[in-house]
Amino acid sequence: MAQAKIQAKFNEVSSSKFNRTMSMADRAGQLLANLDQLEMRVETLRETASAMEQERECILEMIQSLQNSQEMHNISAGEKEELTLTADRLMGRTLSVEINVGTIRSSQQEEALHQATSIIDEIVKKLLLDMTESKKRLLALHSACVTEEPPVPIDPKFQAIVISCALEDQKKIKRRLEMLLRNVGNAEKNIRIMDNQKLEEHKTNGSQ
């Protein structure tokens, strides 16, 4: 009789523990599901902020392109002043939008990002001194960032550095190089237009 009571009590306690454990597991599962949903929302938030950051960069680049375009030099002083004021106002409003998507990096990734940035900055400093050579360097760096077959030989040292960067930083480095190459292309186009205009003026003056 006593043994039966002990066994019944043991079964009751075991059943209670089992039910409580299952209840805890259910709660843990629900919390995990909630965290999974929040993780998706966090990633969506980061992707949205990153897209906004890229849109901000694109707008700034377009405003700068308009400010430096040859068309701005081919209008009257009054019109140019009005357009410049409008462009400056848009630039200021765009710069007032601050978007910061932080990237978690290891110490090695921090160092790799610093090295990659320093290499690009050094080329940018030499752009005005030797645009042709600087463009070649930028093309080689950009080729090191693409997955498809590059059109020009890559810079293997820079490629190794970029691979050591965080994935988000790799994308930003590639975007910066693409922006610089577009700016160089626009500058070359403006130079050719100005050279052609000078040539035409020289011909016109020479025929008079």
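1. In H4, the buried residues are Ser134, Leu138, Ala140, Leu141, His142 and Ser143; buried means under 20% relative accessible area, exposed over 50%, and partly exposed in between, with a 1.4 Å probe and protein chains only. H4 has 13 residues, and its first and last C-alpha atoms lie 18 Å apart, close to the 18 Å expected at 1.5 Å a residue. The expected span is 1.5 Å times one less than the number of residues in the helix.

2. On provenance: this is a predicted model, in which local features need pLDDT of at least 70 and side-chain atom pairs count only at pLDDT 80 or more, while totals for chains, interfaces and linings use all residues. Residues are numbered from 1 along each chain as its sequence is written, and side-chain values use heavy atoms, with hydrogens and water left out.

3. The protein chain has six helices and zero strands, and its elements run α-α-α-α-α-α from the N terminus on. Helices (H or I, at least four residues) and strands (E, at least two) are DSSP runs, numbered from the N terminus. Of the 208 residues in the protein chain, 21% are buried. The protein chain exposes about 15,300 Å², of which carbon and sulfur atoms supply 58%; accessible areas come from the Shrake-Rupley method with a 1.4 Å probe, and for residues only the protein chains shown count as cover.

4. Contact means heavy atoms within 4.5 Å. Among contacts in the protein chain between residues at least 6 apart in sequence, 68% join residues at least 24 apart.

5. The largest nonpolar core holds 19 residues, and those touching the most other members are Ile120, Leu138, Leu141, Cys145, Phe158, Ile173 and Leu177. Two or more residues of this core come from each of H3, helix H4 (131-143), helix H5 (156-163) and H6. A nonpolar core is a set of buried Ala, Val, Leu, Ile, Met, Phe, Trp, Tyr and Cys residues joined through side-chain atoms within 4.5 Å. In soluble globular proteins, nonpolar side chains tend to be buried together. Leaving aside residues up to four places away in sequence, Leu141 touches Ile119, Ile120, Ile123, Asp155, Phe158 and Leu177.

6. H2 has 19 residues, which at 1.5 Å a residue should span 27 Å; the C-alpha atoms at its ends are 26 Å apart, which agrees. Ala87, Met91 and Thr94 are the buried residues of H2. They cover an arc of only 65° around the axis, so they sit on the same side of H2; the arc is that of the directions from the helix axis to the C-beta atoms. Glu81, Glu82, Leu85 and Arg93 are exposed on the other side of H2.

7. The count of salt bridges comes to seven, a salt bridge being a side-chain nitrogen of Lys or Arg within 4 Å of a carboxyl oxygen of Asp or Glu. One of them joins the side chains of Glu57 and Arg175, at 3.7 Å from N to O. This pair links distant parts of the chain, with Glu57 in helix H1 (residues 2-67) and Arg175 in helix H6 (residues 167-207), 118 residues apart. Glu57 is partly exposed at 31% relative accessibility, whereas Arg175 is buried at 19%.

8. Arg105 and Asp169 also form a salt bridge, with their closest N and O atoms 2.5 Å apart. Arg105 lies in the loop between helix H2 (77-95) and helix H3 (107-125) and Asp169 in helix H6, so the pair ties together parts that are 64 residues apart in sequence. Arg105 is partly exposed, at 27% relative accessibility; Asp169 is buried, with a relative accessible area of 2%.

9. A further salt bridge joins the side chains of Asp121 and Arg176, at 2.6 Å from N to O. Asp121 is in helix H3 and Arg176 in helix H6, so this pair ties together parts that are 55 residues apart in sequence. Both residues are partly exposed: Asp121 has a relative accessible area of 29%, and Arg176 has 27% relative accessibility. Elsewhere, salt bridges that share partners join Arg105, Glu110 and Asp169 into one network.

10. Ala166 is found in the loop between H5 and H6. Ala166 is buried, with a relative accessible area of 5%. Apart from residues up to four places away in sequence, Ala166 touches Thr103, Arg105 and Gln109. The C-alpha atoms of Ala166 and Leu113 are separated by 8.1 Å, although these residues are 53 residues apart along the chain.
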